[in-house]
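Please open the model in a viewer and keep the selection tool at hand.

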Amino acid sequence: MNANAATIDTPTPPVAKATRDAFGAALEVLGAEHPQIVVMDADLSESTRSAKFAKAYPDRFFQMGIQEANMLGTAAGLATCGKTVFCCSFSCFVTSRFDQIRVSVAYNDAKVIVVGTHSGCGVGPDGYTQMALEDVAMLRTLPNMAVLQPADDLETQQTVEYLVGEHKGPAFLRLTRQKLPRVHLADYAFSFGKADVLRPEGRDLLVCATGACVSAAMEAVERLDGEGISAALVNVHTISPLDGPTIARLGGQSGKVMTVEDHSVAGGLGSAVCEALAELAPMRVHRVGLREFGESGSPKELYAKHKLDASGIFEEAKRLLK
């Protein structure tokens, strides 16, 4: 090697970060600029990362205890007074209070952001009782409820900024416990309700992934490309309202679509895509997700079992194409 040769500075990739961590950091920053923000938590502020906001703005943080229904009702009342309210807990706990979300929050079109952390089987050893596998299915039935699931820390930060600033009405923000690699470049710009097209060309297949599954889907698509299989890839950060036209257009290149999500295959992203394509452009859809109750295990083991890691997504794509 020539000692005098010029060296190329390779930027260090960002450290993997859980989307709950990015949420907590973003909320703390936004609290200084937006005095209308109020944050509530159901006795899990350290885990949901809302504790950052509580420490910085104690007069605008309320620890409501293990009473999620009361938290949601109180939040709806504050929203009618002009506050932007974040209600935080594990997703399986806060979304199970569907009656209060449906009537107090959604029916009143209150600007309450329901923040569900520790979503999906990615919570690992805590087991099924702590896993939200049906939360998207429930909340996307509400006509004015935005359902958002960012894929990395950068997208999470921009999503929270959007929810505080531009968004009107209620929203559900689904976040991870586990750390996720960054899938976006520094110049990424979040656009609510618009599919994030990571790879537009796909003569053989379209892959639609969301949240924690996006990075594995990117790896799987690269492996498919190495075998001469052309797959388009979309990061669906906004599950409701879904960008059906973009999915129909990209899926129309091949007539085959595969969805990937850490959620039940019933009612989640896969169901939303099927519903949209049934009206816009019927085509074959294969749903990858959980088809049974969750169980204890490491996130790596559970993602491998349910075909949510790169190898599993690769295998499911090959099976669909056969």
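A salt bridge is a side-chain nitrogen of Lys or Arg within 4 Å of a carboxyl oxygen of Asp or Glu. Select E275 and R140, which form such a salt bridge, with the closest N and O atoms 2.8 Å apart. The pair links distant parts of the chain, 135 residues apart: E275 is in helix α11 (residues 269-280), and R140 is in the loop between α7 and β6 (146-148). Helices (H or I, at least four residues) and strands (E, at least two) are DSSP runs, numbered from the N terminus. E275 is partly exposed, at a relative accessible area of 45%, whereas R140 is buried, at 17%. Here buried means under 20% relative accessible area, exposed over 50%, and partly exposed in between (1.4 Å probe, protein chains only).

**Before continuing**

This is a predicted model, in which local features need pLDDT of at least 70 and side-chain atom pairs count only at pLDDT 80 or more, while totals for chains, interfaces and linings use all residues. Residues are numbered from 1 along each chain as its sequence is written, and side-chain values use heavy atoms, with hydrogens and water left out.

Colour the model by pLDDT, the predictor's confidence in each residue, from 0 to 100. The mean for the protein is 95, and 96% of its residues reach 70 or more.

How many salt bridges does a search of the whole structure find? The search finds 14. Proceed to R97 and E68, whose closest N and O atoms are 3.1 Å apart in a salt bridge. R97 is in the loop between α5 (91-94) and α6 (98-106), and E68 is in helix α4 (residues 68-79), so that the pair links distant parts of the chain, 29 residues apart. E68 is buried at 4% relative accessible area, while R97 is partly exposed at 29%.

Now select R177 and D126, which form a salt bridge with the closest N and O atoms 2.9 Å apart. R177 lies in the loop between β7 (171-174) and β8 (179-180), and D126 in the loop between β5 (112-117) and α7 (135-139); the pair therefore ties together parts that are 51 residues apart in sequence. Both partners are partly exposed, R177 with a relative accessible area of 29% and D126 with 33%.

**Aromatic rings**

Rings of Phe, Tyr and Trp (its six-membered ring) pair if their centres lie within 6.5 Å; planes under 30 degrees apart count as stacked, over 60 as edge-to-face and the rest as tilted. The whole structure holds 6 aromatic pairs. One of them is the stacked pair of F90 and F93, at 5.7 Å centre to centre and 10° between the planes. F90 counts as buried at 7% relative accessibility, and F93 as partly exposed at 25%.

Select Y162 and F192 next: their ring centres are 4.9 Å apart and their planes at 15°, so the pair is stacked. Y162 is in helix α8 (residues 153-165) and F192 in the loop between β8 and β9 (196-199), 30 residues apart.

**Charges over rings**

A charge sits over a ring if NZ of Lys or CZ of Arg is within 6 Å of the ring centre and within 35 degrees of the ring normal. Select R60, which lies over the face of Y57 at 4.7 Å from the ring centre. Finish at R223, which lies over the face of F314 at 4.3 Å from the ring centre.
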